[in-house]
Amino acid sequence: MSLLALHDAADWRRALEAIDHDWYHTWDCHALASAQGEGQPVLLVSSQPDNTLVMPLLLRDLDGGQKDATSVYGYAGPVAQRVASDEAVAAFFSDVEHWCRQQEVIAVFSRLHPLFNPRQVRPPAGITQHAGTTIAIDLTQTEEAQVRGIRNNHRRGIRKLERNGARCVNDSAYLDAFVGIYEETMARLDASRYYFFSREYYASLLSATDFETRVYTVLDADGQAMCSGLFVVTPTVVQYHLGGTAGQFFKHAPAKLMMEQVRRDGAREGRRYFHLGGGLGGREDSLFAFKRGFSDLELDFSLLKWVIDDSAYEERVARCRRESGDAPFNEDFFPAYRQTAHG
C-alpha cells in the first residue's frame with residue numbers, strides 16, 4: 001500500500017502545494033474543525049507514478065475502539081494533482097479502504113466538492129449519492145460574458161443600489177457588523193445552534209495562513225451596514241462561506257451588490273471560480289434561485305457514503321434503532337447510527 005496518513009501541519013501543507021484545492025482541503029480548516037470538537041484531522045495521500053491524490057478527513061472515536069470518518073462542513077472530497085484516471089482512482093480508494101480497515105474505521109462520509117468531483121476525481125460508483133446542485137461563476141470568461149450571465153433583475157437591483165449611494169467594501173474592520181447581521185439572519189431563519197459561532201472561530205478564520213478570509217459589507221449612503229458576508233479565497237477559488245442581511249434592508253436585496261463586488265474582485269485578481277454554493281440542504285429553494293441569478297453554471301453536488309465494515313455498521317444501526325424507540329428514524333442519514341447521542 002502506497003498510502004500515507006498525515007497528521008502534521010507542515011506535512012499536510014507540503015502535500016497540497018502542487019494540487020489545486022479549496023480552503024476546505026487545508027490544514028487550517030481542519031484544525032478549526034478539530035477545535036470545534038469535530039474530529040482528528042488526517043490527510044490521506046497517494047503518490048502515484050504520474051499523479052498524487054489526497055483526501056482530507058476527520059476521524060471520530062466510537063466505543064469499542066472503532067472509529068468513523070467525516071469531512072469538514074462544506075465541500076471537501078478527494079483532489080488530485082491532475083485529472084485522475086478511473087484506474088488511479090480505483091487504486092486510491094482501494095488503499096483508503098485497506099487503511100480504514102487497519103484503523104478500525106467502519107464508515108466514511110464526505111461532502112464532495114462540485115468543482116473537483118467528478119471533474120478531477122470521480123469516486124467509484126455505488127458509494128456516492130446526488131445531493132443537489134450548486135452555482136459557480138467561471139471567472140476566466142470575459143467580463144462581458146460574466147455580466148451576461150447575471151439575470152436582468154439582479155443587474156437592475158445592483159444599478160439601483162449604486163445609484164442610491166450603496167457601496168460594497170472589503171474590510172475586516174466590519175467583522176462586528178457582520179456578526180450582528182449574520183446572527184440576526186440565523187435567528188430569523190430559526191437556524192440550529194450549529195450555525196452560531198464563537199468569536200474565536202472568526203478570529204481563527206481571519207488569522208489563517210492557508211487561505212484568506214474576507215469580510216465584504218454593503219453600506220448605504222449613510223454608512224449603515226445593509227448586509228455582510230465572509231468569503232474565503234484560495235489561489236483559484238473564491239468561496240461564499242457565511243452571510244446575512246439586516247432586517248430593515250431586506251427589501252433592498254443588498255446581497256446582489258455584495259456578490260457582484262466579490263465577482264469583480266475575483267475576476268480582476270485572476271481567480272478561476274467564484275463558488276456561490278446551493279440552496280439550504282441542497283434544495284432548489286429561494287436561496288438557490290437567488291444564486292442562480294448570477295450564473296448559469298450549475299454543478300452536481302454529491303455525498304460520499306461509504307460503509308467499510310458492513311457487519312460492524314449494521315450492528316451499530318440495529319442498536320441505534322433499539323435505543324431510538326418510537327422516535328423517527330431517518331433512513332437517509334449517514335452514518336445512520338449517528339442519529340442519537342449513542343455510538
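Buried means under 20% relative accessible area, exposed over 50%, and partly exposed in between, with a 1.4 Å probe and protein chains only. This model is predicted, so local features need pLDDT of at least 70 and side-chain atom pairs count only at pLDDT 80 or more, while totals for chains, interfaces and linings use all residues. Residues are numbered from 1 along each chain as its sequence is written, and side-chain values use heavy atoms, leaving out hydrogens and water. Helices (H or I, at least four residues) and strands (E, at least two) are DSSP runs, numbered from the N terminus.

**Helix 5**
- In helix 5 (residues 152-163), His-154, Gly-157, Ile-158 and Leu-161 are the buried residues.
- These residues lie on the same side of helix 5, because they cover an arc of only 100 degrees around the axis (the arc of directions from the helix axis to the C-beta atoms).
- Their cover includes strand 10, helix 8 (255-268) and helix 9 (286-292), where contact means heavy atoms within 4.5 Å.
- Gly-165, with a positive phi near 95 degrees, follows helix 5.

**Helix 7**
- Tyr-201, Tyr-202 and Leu-205 are the buried residues of helix 7 (residues 199-207).
- They share one side of helix 7, because their arc around the axis is only 95 degrees.
- Glu-200 and Ser-207 are exposed on the other side of helix 7.

**Cysteines**
- The structure holds zero disulfides, a disulfide being a pair of cysteine sulfur atoms within 2.5 Å.
- Cys-227 is buried at 0% relative accessibility, and its sulfur is 6.8 Å from the closest cysteine sulfur, in Cys-168, too far for a bond.
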